[in-house]
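Look through the sequence and the model shown here.

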Amino acid sequence: MVWFFVTLLAFTDVSPSAVEQPTGTTVFQMQPELADNDNLLPLLKAFQAAPSTTNRLQLASAYLQRARRPGWSSYFHDAEALLANFQAEPQHREHLILLQADILQQQHQFTAALALLEPLLSATPHQLQANLMAARIHLALGDTIGAQRACNRLMREALFFFATCSYEVTGRKGQWSAAYSGLKALLQQNPDLPAELAIWTRGILAEQAEQLGQLDAAVAWLEPILTEAPTSLWLKWADLKLAIKQPEAVYQRLVTLAADVELEDSLLLRLALAEQELGHPSHFGHQLQQQMQVRILRQDQEHAADLAHYFLRVSPDPQAALQWATINYNSAREPDDLALLTQSRHAVALLNGGSK
């Protein structure tokens, strides 16, 4: 599972209150969250009235930011269409590259995204967004050395980002306990982080707590920020809640969410699982089955993880689960991807053993 927040970063002359910066230095702050869909309308109207590069990039950035929230993933396609074959003036090329690389990483085209970022990092080695994005992509590829290299470029420019980035890489190297202790201490030293920084940090802490077998603690890291969190952390929260045998909490929260937005297949899958575990009539399970059939017909490799989970957890078919888990792992190699592959292999082994 990949958690990307770098599109929310922006240069500003105001520092986050918890991140101390020397007077006169360049500091960083998060852009304000899009509270609801109406916030896109002024940007869309501005672009329609004057399709300048600035208006185009601002609208694409807003689309990507909103797309990370549950129910709005279609905005990724709107951003992609807005930037397709677009050439920006020199002063806007850095922003365009970051947005295009962000779209590529969302599509699991990690190598292409890194290739796009490489010239930018060569010209501006300490660029914050580019380095955070590169670090996340390297982690998605299982390359902790490349990820740490990207983190290290932030050492002199943005210490909080460097430290958080490095603690995430340290965990991925298998040093979960040391990374978890260090990142918890860092968060305690910076209790008043902007919302997006708190979401980023708590998401990493939840992963580390999970890897240490502290599932209740992992849930506790996510609970305070879940309402504003991206879809990936909703998925993590739901999986943790299901793992600690609390399907009712998952069912109630996702049913409430589904009343407001159309759930992505990945969230619908967790809702169907909770429904199944509670013994409710298979309303969401039937809806999910229809969605998965469409994915299968399309051979939709972008959603391979959803298909693997479906065949592993909802409609058991170990061989199909392994097929899709393998496809998923070939493009993304984070702990959740490895766990999905391992579980699928185990299910196949049990099936073969039972047939002998």
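The side chain of glutamate 264 reaches the backbone nitrogen of serine 73 at 3.2 Å, and that of glycine 71 at 2.8 Å. This is a predicted model, in which local features need pLDDT of at least 70 and side-chain atom pairs count only at pLDDT 80 or more, while totals for chains, interfaces and linings use all residues. Residues are numbered from 1 along each chain as its sequence is written, and side-chain values use heavy atoms, with hydrogens and water left out.

Glutamate 264 sits in the loop between helix H13 (247–258) and helix H14 (265–278); helices are DSSP runs of H or I with at least four residues, numbered from the N terminus. Glutamate 264 is buried but has no salt bridge, and the nearest side chain of opposite charge, arginine 295, is 9.2 Å away. Buried means under 20% relative accessible area (1.4 Å probe, protein chains only); a salt bridge is a side-chain nitrogen of Lys or Arg within 4 Å of a carboxyl oxygen of Asp or Glu.

In helix H9 (residues 176–189), the buried residues include Trp176, Tyr180 and Leu187.

The largest nonpolar core has 89 residues, and Leu117, Phe161 and Leu288 have the most contacts inside it. Helix H6 (residues 128–140) gives the largest share of this core, nine residues. A second, separate core of 19 residues includes Leu82 and Phe86. Such a core is a set of buried Ala, Val, Leu, Ile, Met, Phe, Trp, Tyr and Cys residues joined through side-chain atoms within 4.5 Å.

Technical notes: Helices (H or I, at least four residues) and strands (E, at least two) are DSSP runs, numbered from the N terminus. Buried means under 20% relative accessible area, exposed over 50%, partly exposed in between (1.4 Å probe, protein chains only). Lys and Arg count as positive and Asp and Glu as negative; His and the chain ends are not counted. A polar contact is a pair of N or O atoms within 3.5 Å; within protein, one must be able to donate a hydrogen and the other to accept it, and residues adjacent in sequence count only if both atoms are side-chain atoms. The expected span of a helix is 1.5 Å times one less than its number of residues.
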